[in-house]
Amino acid sequence: MTPRNEKVIITRVTETGTSVGVTLDVDAGLGVITIDRPDVRNAIGFATIGELDRALDDALAADVAALVIRGAGDRAFVSGGDLKELATIRTHDDAVAMARTVRRLLDRVASFPVPVLAALNGHALGGGAEVAIAADIRIAADDVKIGFNQVTLGIMPAWGGAERLAQVVGRGRAMLAIATGQLYDAPAAQALGLVDVVVPRASFDVEWRALARQLADTAPGATRAIKAVLRAAVPTHRPDLEAGAAAEFAALWVADAHWDAADALERTRRST
């Protein structure tokens, strides 16, 4: 384990020597995972899943007292799944496998033994909102938007976000958010209970680091104990719902309506 007063930066590289899209910075008990894929607005691709999984392993090995997940830059926290990569998934079984794989990754985030803070440096849309809702606390810059807008592509949240959202904001509000695909600005998201803290863009980096540092600087073992008690009172994930949720998602994924919507979106992007 890494001593709490030692600073380390874990940056993995590929076999060709280039940096991957996920890094972990550990400083005196505070771990910060950064998703840095500027070409796709920090979207989650196939490699990103494994990189995030390994970053969680490294954070555990470093014995962090608090963990932050953030996106690089100021445009996107996570823009969702990498649509170009995910478009290669065409069968029901492959869609089920993808949904289960990412769901289990975010279950790890939700059940991580210390508090996890999502620092919403930019928009959190679709799958990005699912990453955010897996955290214990969400702090957002005041100019960002968040929304479970998968319905615009003819699909639904597949990574545990629907259940977690219902747990956080209530069943009716979750239904409205997911079924309409509404995007909420930061103040509206805070009023809904989807975001916990909203701060000015100009002071965002200072504010989230100060909050995360406050969590990390508690007495040794305190954050783990607090998380354990809260997790027992309010379960952070529902593995019993995984099979049904993945199957429902996969049926929508392989339907013509989804591919028609995806093609329309791609045409729009090419024309802009």
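**Salt bridges and ring pairs**

Visitor: Are Asp82 and Arg37 buried or exposed?
Guide: The structure is a predicted model, in which local features need pLDDT of at least 70, side-chain atom pairs count only at pLDDT 80 or more, and totals for chains, interfaces and linings use all residues. Residues are numbered from 1 along each chain as its sequence is written, and side-chain values use heavy atoms, with hydrogens and water left out. By relative accessible area (under 20% is buried, over 50% exposed, in between partly exposed; 1.4 Å probe, protein chains only), both Asp82 and Arg37 are buried.

Visitor: How many residues apart are Asp82 and Arg37?
Guide: Their side chains meet in a salt bridge at 3.3 Å, N to O, the term standing for a side-chain nitrogen of Lys or Arg within 4 Å of a carboxyl oxygen of Asp or Glu. Asp82 is in the loop between β5 (76-78) and α2 (83-86), and Arg37 is in the loop between β3 (30-35) and α1, where helices (H or I, at least four residues) and strands (E, at least two) are DSSP runs numbered from the N terminus. The pair therefore links distant parts of the chain, 45 residues apart.

Visitor: In which helix does the partner of Asp107 lie?
Guide: The side chains of Asp107 and Arg164 meet in a salt bridge of 3.0 Å, N to O. Asp107 lies in helix α3, so this pair ties together parts that are 57 residues apart in sequence, with Arg164 in helix α5.

Visitor: What is the relative accessible area of Asp143?
Guide: Asp143 forms a salt bridge with Arg201, and the closest N and O atoms are 2.9 Å apart. Arg201 counts as partly exposed, because its relative accessibility is 25%. Asp143 is partly exposed as well, with a relative accessible area of 42%.

Visitor: Why is the pair of Phe249 and Trp253 called tilted, and what is the angle of the planes?
Guide: Rings of Phe, Tyr and Trp (its six-membered ring) pair if their centres lie within 6.5 Å, with planes under 30 degrees apart counted as stacked, over 60 as edge-to-face and the rest as tilted. By this rule there are two aromatic pairs. The centres of Phe249 and Trp253 are 5.4 Å apart, and the pair is tilted because the planes stand at 40°.
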